Each structure stands twice: as structure tokens, then as C-alpha cells.
Amino acid sequence: MILIVSIVGAAIYSNSVNMLGSSSSSFLVQMKRREESARERFSIIAVWWNNDKQLNLTILNYGKIDLAIDAVYIDGTAVTTFVSGRGTTVTRKDIVSVRFNPPFTIQDGQTYELVAVSERGSRDVVYWKA
Amino acid sequence: MSSTGRLSHNKRAAGSIIGGVFILLILLSGLTFYTLNVNVTKDFTETLQEMQQLDFERNKENVEFAGVSTTGGNKLNMTVRNTGSHQTHIIWLIVVDETVTPITQECHQLDIYVEPAETVSNLPQEDITIPEGEGRVIQLVTELGNTFSHTYPTSEEEDRDGYDFVDSNTSDADNSIDKGTHSLFSGQQYGPDGIVDTLTEGDTGGNIEDDVDSNTSDADGSADKGTETSFANAQGISLDSNCMNIRETNTGGSGGSEWLDCDAFDSTYSEWTEVGSSPYLATQDYPSSYVSSISASTREGWFDFPNTFLTGTLSVNLTIYSNNDDGVGDDRADVYVDYTGTGSGSLVGSVAQHANWQYDTINLGSHTVSEVNNLRVYLEYTKTGGGHDVRIDNVRIGVRSSADYEIDFEYQWTTTACSSDNEEVCIYVAAHTGTENLDVSYWGGSSWANLGSITSTGWTNLTALGLSSPTYTIQLVGTTESSDEYQDDWDIDLITLHTWNASNYELDLEIQWTSVDYDEGNEWLCIYGGTMGSEDILVDVWNGTAWINVFIDLSSGWNSVEVSSYLVSSSLTIRFRGGTETSDATKDSWEIDATFLHVWT
């Protein structure tokens, strides 16, 4: 009887701990991501278009956590050819230049929506007149 | 049987305990995970709140460019002002050159904190060169993620936007004279750019040089003596080598001498033996004509003389040719002289106490022509021991006319300061011919009182005693004013009254705006100080009737104060004032780099 109770109790306890641990771990990971994302702030402080057909985004990390730029969209079209800056870790208060070739021809005088997206999914949007 | 039942009962109890323990462990584990999750959730919530606060502050942040210019060497010089409601931390300066291909940008790290309403100038601290004639886009990036841009060079429209530099330093709102000086007023009208207007205290104690006003006064009712040329050359407040000459004039005789032999005898006293013809003593002709006596106390006279032809003050002596029988120390003739022609005469000396014939001379001193013309003599015999003869053969007077050079000039101030701590009559003698000194006196209302003497060339500074009214008169008189046969003259470059109080350095300088935008919601007076003197410098605002203090002292860097309550018209006047305005022996100065009104809504 004692043996049966011990075996059943241990099984139930083990299962409970596994369930709680799994649930909690998932929760913690989720919360960690959400918190990191919440602590992330960056701003496109300058956009430069030069005659080499390259755009240059100067991005400031003013959040509470390091970040890296993962993607850029121009009018919703993803930039595919980065020259520099993508994936570079930007520490707090630091700036990074993300240079890339636009996915299509930029027309002088036209306004474009530029979206920079961090690896955590945070984004900043500017409207830039070429 | 009972043994089996007890065993069965005990086993159930142990199983229940073990089951309870497992249940307790499960509950504890659940509690632990619950607590952990609660803490994580709490931390996340705090993070969200923190970031919300950051976003809130970011939205409230605002920085304005108060001035962007280039200094010497084309170095960028900026002034920024925090017009937001939170402290701003500027961490990046980005200078973009859009004039080149490809566009370039320089990123300069900064670490500047600007408090709300504070203005910071002379940014950046490192040298950033902008070539003359070129433009740049300048961005300031704050820690909160805001970017503030400015295009250099500043357009005129932007330049005027809300910043109104002071217009004038010629106002006089309070009808009081300025004290102190500006070194470069325009230094306040721009910047801050390192070009400053240095305000320096003026000495209101200081010196006053008051040159003599007049040479025509006659305080003592006596005529001037001497000659004077070019009085104006003794005026002025500084030496200029142009001199007034004053020279003694001859108030004495014309010069020359003569002997006047006795020419009359009136027999008033005729107690001596008279030999020859009257007047017996006209010439040296013994034994032809002479008088003699042997009887004690006998008199002979009066003997008269012709009038003199000389003028002025005359030096007179009486010369008598005589002898006695017994020689030195014995019988004699006492000589009595009267200068009026009607007097009884007075004893002036004795003659004839020698056995040989000789002239005995008695000096009668200086006399007028009238006294000489009325001069008469009688003789009285004085006996010593046994009586023996005293003989007089000739009596004559020697007359010499001496020149007498005198000088007496008055000089007068008519509107001089008379309540200073220190007052001196200062006379500069450039040249002097002669050896006589000049006495300097002041008129005390009824007589002259001596101040001192001029004894050499150069400056003679004499305490101006008796200077108690705006009118002050001095007299220059030669120190030898009788029988002065030498004519002196003096070249005087300057006669001045030097009055001064102990130094007291004061500052009182007005400056004014004449066309201010005065109906904005925010109106601030902003002053950028450079190197400041140790004395406080106050700033007052004129409210139309009185000065209202708005700064009790200015610091180096920015000084800002709200002045909306005084800015009620297009004109505004302020003044800079020293903190210590009495007994201030130290001259302070303060550098003001920029003064403007910042108005905005």
C-alpha cells in the first residue's frame, strides 16, 4: 500500500512539476521577449540618398537595450541588398548607419515610407522626400 | 486477529501521510511557479511603465537653436535652448554636408545636459569647421531619441524668430548720466560668439581740473602791479607749453644819485661860533666857513638843503665834514634831523669824534621825495671832559633813487567745486628769470591769507585753504616788494584748481530695445556673461517710473529671467549697475557677450 501510494504520488508530483515548469518556462520566455521588445526604442534620425543609388539610414538606439536592425521596407517592399549596418549590434545611445540598395528606382521629389525593423520586431517609420 | 487489524490500520496511515506529502510538494511547486510568474509579470509591468514614462518625456522634449554661427577660423558655434519641460541630454551632433556627392555626414558624440529654460552656448566643444560660404544641416540628437535640425547658415527669417537683440545704448530713461563705459556695444548685439562688450566701472570720485576763469578780479581794491601777457595760455586743463608771462614792474625810483649840500641856515639855533658866511656849511672850505662849539649842549641850526630832482623811493644819508680837538671818544656833535620842515627833529647820530678832518656818514634810510625836500638838520654839542672845540665844515645829504620792482596779480575761479575731499591750487611755472619767489594767497573776504610760495619752476601744488564757495580768488605777489632793484618774470603754463575725492568706481549703463514683440506668452530677458568681475553686477528693468531689479548678479554663461510683466510696449530699457556703489575703490569690469529678448508663444 505504502509502495503504491509512493509510486503514484511521485508520478503525480513529477508530472505536475513538469507541467508547471514547462508552462512557466514558456511564460518566462514569452515575457522576456515582450519585455525586451518593450525596452527597445530606436529612431531613424536621418535618411540620405546619394547618387550612388544607395540609401543611408542613420538609426539611433535610445532604448534600454541593445538592438540590431534586421529589415528595411520602402513603401512596403523589403530591401534585399544591404551594403552595411544590417545585423550590427547597436548599443544604447549609439547610432548605426544602415546602407542599402533600394529595391526599386527612387524618384526625385517623391515621398517614400521607410520602415526599419529590429530583430525583436520593433519598428520605426519615417516619410522621406527624395 | 487484532494484530492483523492493527497492522492494516498503520499501513493506511503511513500511505495517507506519504500521499499528503506529495500533495504538499505539488502545492508548493505550484506556489513557487505562481510567485515567479507574478514577479515576472510585475517586472514587465514596471518596464512598460518605465518606457511609457520615457515616451512621455520624449514627447515633452524640445530644443531650439538660439544661434548658429561660425567664429574665427570658421569654427561652428551654436547656442541652444531647452524649451521643453524636462531635462535634455544631447548625445549626438550630426553635421550633414549636402553640397557634395555623395552626401557626407559627420557624427560627433556630445554629453550636454540642458535644463528646462536653460540656454547653452559655445557648442560644440570640439572644433568643427564649416568653410566660408558653405552650408550644412546640423542635427542634435538627444538621449530620448529626438532629433532637432537646423540649416546653416540661418535664414534671416529664422534669425529673427523670437530672438531680439538689444538695439541701443543711448537711452536715458531715468535722466541720470551714465557711469562707466562700454568697450564694444555691438558685442552684445550678436552671439554669444566670444566677441564681448566689456562694461567697466567709472571713477565718480576722481579728479576735476578746473582752470582759472578770470584775471580781472579786484578783491582787495588795489591795482595790479606788473605786466601780464596771454592770460589764456594759463588756462586749460593740461600743460601745452604755451605760457602766460607775468613780469614785475618798477614802482620805485628812476635810478641815479646826487649830493645836496646845505644851502640855508635859519638861525633857529645859533649857539655855536659861526665863521664865514651863512649857511657856513655849504662846502668843504675850512677855515673859510664853518661852525664850532665849546659850550655844552649848545645848538646850531636848522640847516636846509635844496630839493632833489630824483623820484621814487630815495635812499638818503647825511655826510658831515668835521673834527674835534681831543680825538676819538671825546667831544662830539649830535645830529638831529627833521623830515617835515616843522618838526622838532630826532637824534640820528653823532659826528666829529676824531681830531682829523673827515666826513662822517649817517644812514637815514629810505624816504620819499617830500621827506627829502623837507629834510633839515641841527647840531648839538656834547662835551666830554674839558671843553674843546668841535668844528663842522660841511653838511650834505646824499640821495639815491632806487628802482623797486613789484608784482601783484589776482586770478579768480567763479564756478569751481568747493566740497571735494581734496583741493589744491596748482601752478606750473615753465620758466623764471630772476631769484625772487612768488607768494600765493587767497582772499578770505577781508584780507589775503598765504597759501605758500612758488620757489622753483615746475609744479607748485598748494592746499586751497578757504575754498568754501564757487568763487575763489588768489593773489600772486613777489616776496620782495620793497627796494627790489631786480626785475623778475615768470612763464606760467597753467593755473588750475585740482579737486578730487577718494576714488569710487560705479557702473550705471542703460541699454534699450525699441521695437520688441511684446504680446507673446513667453518673454525672457537673456544675457550671456563672459568673464565677470568679482563685484556683483545688477540688472534692473525700467517700468516707466522706476527701476525694478531682475538680477542681483550675473554669472558667466546664460542668465535668463521672465520679463513679461515689464514688456508691455515695443520699448524696453534695462540697466547694468554695480553691486557696490559707495566707497568702491576697486574698478571692476564684466564681459557681456549677448543680450536679447526671447519671446514666443
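Let's start with one pair of residues: B:Ser292 stands opposite B:Arg391 in strand β26 of chain B. Here a strand is a DSSP run of E with at least two residues, a helix is a run of H or I with at least four, and both are numbered from the N terminus. What you are looking at is a predicted model, in which local features need pLDDT of at least 70 and side-chain atom pairs count only at pLDDT 80 or more, while totals for chains, interfaces and linings use all residues. Residues are numbered from 1 along each chain as its sequence is written, and chains are lettered from A and ligands numbered from 1 in the order in which they are written.

Now follow β26(B) and its partners. Strands pair if DSSP finds at least two bridges between them. Strand β19 (residues 290–293) of chain B is joined to β26(B) by three antiparallel bridges. Strand β16 (residues 257–261) of chain B also pairs with β26(B) in the antiparallel sense, over five bridges, and there B:Trp259 has B:Gly398 as its bridge partner. With strand β21 (residues 314–324) of chain B, the antiparallel pairing covers 11 bridges, one of them linking B:Ile320 with B:Val395.

A residue is buried if 20 or more other C-beta atoms, placed from the backbone, lie within 10 Å of its own, exposed if 12 or fewer, and partly exposed in between. Because 10 of the 12 residues of β26(B) (residues 390–401) are buried, this strand is largely enclosed by the rest of the structure.

Next, find strand β33 (residues 472–478) of chain B, where seven of seven residues are buried. In a regular strand the side chains alternate between the two faces of the sheet. In β33(B), B:Tyr472, B:Ile474, B:Leu476 and B:Gly478 point one way, and B:Thr473, B:Gln475 and B:Val477 point the other way. B:Ile474 is the bridge partner of B:Tyr411 and also has B:Tyr442 opposite. The antiparallel neighbours of β33(B) include β28 (residues 408–413), with six bridges, and β30 (residues 438–443), with five.

Finally, turn to chain A. Its secondary structure comes to one helix and nine strands, and 27% of its 130 residues count as buried. Residues are in contact if their C-beta atoms, placed from the backbone, lie within 7 Å. Where the chains meet, 36 residues of chain B and 32 residues of chain A take part. On the chain B side, α1(B) gives the most, with 21 residues.

Note on methods
Contact = placed C-beta atoms within 7 Å.
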